[in-house]
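Q: I am new to this structure. Can you show me how to read its features, one at a time?

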Amino acid sequence: MPVDLNGYWKMTVNENFEEYLKALDVNVAIRKIATLLKPDKDITHNGNHIIIKTLSTFKNYNMDFEVGKEFEEDLSGVDDRKCMTTITWDGDRLVCVQKGEKAGRGWTHWVQGDELHLELRACGVVCKQVFKKQT
């Protein structure tokens, strides 16, 4: 059964993020700003409907989706691309595949204890982020 992702999560770890942004061709000025940020995640999870809000002082990004249904994702808040995105459960992991200009693009979310883990992937580069649940 899928894990409950509901909650407010604060970033504690952000490994290899600048290399991930380079793989997405994000310009150097935006990369430098983005690597200084510690975004929070505000997740509302109700059955197959999930809303993931990534919140920072620089930019916010919202994903609102149904698990298992492909949709066109506008990544103008990230790298100014559009892609076809499908998000599914793989056991207790939420797995995203983003088909578009960049090969192997996507992410995986999973929970361990009071931590939300996020692995971001693009063009063979992997970024690992960890968020701690707030009570």
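A: Start with burial. A residue counts as buried when its relative accessible area is under 20%. This is a predicted model. Phe-65 has a relative accessible area of 2%, so Phe-65 is buried.

Q: What does Phe-65 touch, leaving out residues up to four places away in sequence?
A: Phe-65 touches Asn-48, His-49, Ile-50, Ile-52, Phe-71, Ile-87 and Leu-94.

Q: Which residues have the most contacts inside the largest nonpolar core?
A: In soluble globular proteins, nonpolar side chains tend to be buried together. Here the largest nonpolar core has 33 residues. Tyr-20, Ile-50, Phe-65, Leu-94 and Trp-107 have the most contacts inside that core.

Q: How many aromatic pairs does the structure hold?
A: Ring planes under 30 degrees apart count as stacked. The structure holds two aromatic pairs. Phe-17 and Tyr-20 are stacked, 6.3 Å centre to centre, with 20 degrees between the planes. Phe-65 and Phe-71 are stacked too, at 6.3 Å centre to centre and 5 degrees between the planes.

Q: Why are Phe-17 and Tyr-20 separated by about one helical turn?
A: Because they are three residues apart in helix H1 (residues 17–23). Both Phe-17 and Tyr-20 are buried.

Q: Is Lys-102 buried or exposed?
A: Apply the cut-off again. Lys-102 has a relative accessible area of 15%, so Lys-102 is buried. Lys-102 lies in the loop between strand E7 (93–99) and strand E8 (106–112). A polar atom of the Lys-102 side chain lies 3.2 Å from the backbone oxygen of Ala-23.

Q: Where does the charged end of Arg-93 sit?
A: Over the ring of Trp-110, 4.0 Å from the ring's centre.

Technical notes:
Residues numbered from 1 in each chain as written. Predicted model: local features only at pLDDT ≥ 70, side-chain atom pairs only at ≥ 80, totals over all residues. Heavy atoms only, no water. Core = buried A, V, L, I, M, F, W, Y, C linked by side-chain atoms within 4.5 Å. Buried < 20%, exposed > 50% of the residue type's maximum accessible area, 1.4 Å probe, protein only. Contact = heavy atoms within 4.5 Å. Helix = DSSP H or I, 4+ residues; strand = E, 2+ residues; numbered from the N terminus. Polar contact = N/O pair within 3.5 Å; in protein donor to acceptor, adjacent residues only side chain to side chain. Phe/Tyr/Trp six-rings, centres within 6.5 Å; stacked < 30°, edge-to-face > 60°. Lys NZ or Arg CZ within 6 Å of the ring centre and 35° of its normal.
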